[in-house]
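Dear colleague,

I am handing over the structure below, followed by my notes on what was found in it. Please read the notes with the coordinates open beside you.

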Amino acid sequence: MAANSTKKKPVGKMLVMGLISLGLYTLLLTKQDLVNSTFAKGGWYALLPIITAFVFSFIHGSFTGDFWTVLGIEAAKKKKEIK
């Protein structure tokens, strides 16, 4: 691999995850009466808010990570300490 090779930026994945995230938030806000009444039923329905939080977190987190990568911002690499 050449020293000046460039990584392909995940623009397509970022756009897809961004659209899915936008769709989920739109659905949540436009159907909030249905969401509230369903989540408040109790019993097994009590798991729905937890599942929903995980889905939102995964989709939005994936979009956000790709967004920063497309902008060229990466987390700092930790240097190994030599003893």
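F63, F67 and W68 form one aromatic cluster, where rings of Phe, Tyr and Trp (its six-membered ring) pair if their centres lie within 6.5 Å, with planes under 30 degrees apart counted as stacked, over 60 as edge-to-face and the rest as tilted. This is a predicted model, in which local features need pLDDT of at least 70 and side-chain atom pairs count only at pLDDT 80 or more, while totals for chains, interfaces and linings use all residues. Residues are numbered from 1 along each chain as its sequence is written, and side-chain values use heavy atoms, with hydrogens and water left out.

By the ring rule the count comes to 3 aromatic pairs. In one of them, Y25 and F56, the ring centres are 4.9 Å apart and the planes stand at 80°, so the pair is edge-to-face. Y25 lies in helix α1 (residues 11–30) and F56 in helix α3 (residues 48–71), so this pair ties together parts that are 31 residues apart in sequence; helices here are DSSP runs (H or I, at least four residues), numbered from the N terminus. Y25 is partly exposed, with a relative accessible area of 34%, whereas F56 counts as buried at 13%; buried means under 20% relative accessible area, exposed over 50%, and partly exposed in between, with a 1.4 Å probe and protein chains only. The rings of F67 and W68 have their centres 5.1 Å apart and their planes at 70°, so that pair is edge-to-face. F67 is partly exposed at 31% relative accessible area, and W68 is likewise partly exposed, at 40%.

The buried residues of α3 are F56, I59, S62 and D66, and they pack against α1. From the α1 side, S21 is buried, with a relative accessible area of 6%, and, leaving aside its neighbours within four places in sequence, S21 is in contact (heavy atoms within 4.5 Å) with I59 and H60. After α3 comes G72, whose phi is positive, near 90°.

K13 lies in α1 and D66 in α3, so the pair ties together parts that are 53 residues apart in sequence. K13 is partly exposed, at 45% relative accessible area, while D66 counts as buried at 10%.

Two further places deserve a look. T30, found in α1, is exposed, with a relative accessible area of 55%, and a polar atom of its side chain lies 2.8 Å from the backbone oxygen of T26. The C-alpha atoms of T30 and K41, 11 residues apart along the chain, are separated by 20 Å. The charged end of K41 sits over the ring of Y45, 4.9 Å from its centre, by the criterion that NZ of Lys or CZ of Arg is within 6 Å of the ring centre and within 35 degrees of the ring normal.

Methods. Helices (H or I, at least four residues) and strands (E, at least two) are DSSP runs, numbered from the N terminus. A polar contact is a pair of N or O atoms within 3.5 Å; within protein, one must be able to donate a hydrogen and the other to accept it, and residues adjacent in sequence count only if both atoms are side-chain atoms.
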